[in-house]
Amino acid sequence: MRSDYLGHALTPRIGEFIALRRDLHQHPELAFEEHRTSALVTRKLKEWGYTVSTGLGGTGVVGTLRRGSSPRAIGLRADMDALPMTEAPGPAWASRHQGRMHACGHDGHTATLLAAARRIADGVDFDGTLHLIFQPAEEGAGGALRMIADGLFEQHPCDAVYALHNMPGTPAGHFVFRSGPTMASSDNVTLTLRGTGGHGAFPHRTSDCVVAASSIVMALQTIVSRNVDPQQTAVVTVGAFHAGQANNVIPDSARLELSVRALDPQVRVLLRQRIHDLVSMQAESFGVQAEVDWREGYSVLVNDPGETAFATRVAQDLFGPSRVTAQGDPLTASEDFAFMLEKVPGCYLFIGNGEAGTPGACSVHNPGYDFNDDLIEPASAFWAMLVATRLAPKPVSPPARD
Ligand SMILES: [Zn+2]
Ligand SMILES: [Zn+2]
């Protein structure tokens, strides 16, 4: 089985997909603006015999391949969007657009799924339906949710869904799996305080929002240390604190921006309750008004144990156990594939982008980051073997002997 996939006829053509990845890298497109990318994906999938539906989630694309008669169906998902940041000068294929960059490797995920599409169309025998889901707007805008709302799983029902993300700092091509909660929920919260401003010389005639907000920042630190079970993971980060203009003017308002994360839906509920309670009571104690604007972000990403064990075995069979971590650590980053996993069981996995000391170790969302093209070959082989195994034609039973 291993040699079938690793030595597949795609290998001599892998350069085509590296060129494609670099082309996507030069033309990054932001959330819901992936028009060029989705047109390219559509053209390629049609060329290779996929039935293509477009328009789901705006720029989303689904390529479908049916073989045999089995009702089984699975989905493989890649994200297509770039980030609003400027790439550091570097590779010949650097972004041609100021303020737009593929700094999370979604160019690589798209190129890898296209390489898998080609491998599968050319030479993978299976019985069932394969949906290749090319998703817009993973970076904060919730493209997965939009595709689901537009009827992704009604139009393309799946028994299981899978997705992968590159992982800088891990050896190139090393696979990392995790069963259960794997990435955090992420909520965005704005706290607005309103008090009575005044002259800095007469603080007793004001209700000082700077002091109240400072106290709230410190009080928020006690939620993780005193309210959350020490066995659980939670993050409350105050990433922005805006108040005042001059040293001798007490402002009448202050604004705090928070990022709130958890790896368990119950902990997420607890964080929300405690933040509301602490903020309102702290504000009251300082004589200022507080408003909490809670914007729900991505859900906790929970990998299905059965599908994760299956995908882990596929990687172990293909590459050997030494290239596979079966139960990696959870991450407090978030990922909107969580919404797909709330609808359909599946597995979100990682593939190393390069170990420390190599160019592939540069963190995602960094101006110097680049997807490691060496991953396209093993990652697309993994996708192909996963499809061949999950949708393997049922063996014909031998005739009964008398
Ligand atoms: Zn990212
Ligand atoms: Zn990403």
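A salt bridge is a side-chain nitrogen of Lys or Arg within 4 Å of a carboxyl oxygen of Asp or Glu. This is a predicted model, where local features need pLDDT of at least 70, side-chain atom pairs count only at pLDDT 80 or more, and totals for chains, interfaces and linings use all residues. Residues are numbered from 1 along each chain as its sequence is written, and side-chain values use heavy atoms, without hydrogens and water.

**View 1. Asp373 pairs with Arg21.** Their salt bridge spans 2.7 Å, N to O. Asp373 sits in the loop between strand 16 (346-355) and helix 11 (376-390), and Arg21 in helix 2 (residues 14-26). The two are 352 residues apart. Helices (H or I, at least four residues) and strands (E, at least two) are DSSP runs, numbered from the N terminus. Asp373 is buried at 9% relative accessible area. Arg21 is buried at 0%. Buried means under 20% relative accessible area, exposed over 50%, partly exposed in between (1.4 Å probe, protein chains only).

**View 2. Asp373 also forms a salt bridge with Arg22.** The closest N and O atoms are 2.9 Å apart. Asp373 lies in the loop and Arg22 in helix 2, so the pair ties together parts 351 residues apart in sequence. Arg22 is partly exposed, at 28% relative accessibility.

**View 3. Five residues form a network of salt bridges: Arg21, Arg22, Asp107, Asp370 and Asp373.** The count for the model comes to 19 salt bridges.

**View 4. Arg295 meets Asp293 in a salt bridge.** The N to O distance is 3.0 Å. Arg295 is partly exposed at 35%. Asp293 is partly exposed at 36%.

Key:
Chains lettered and ligands numbered in written order.
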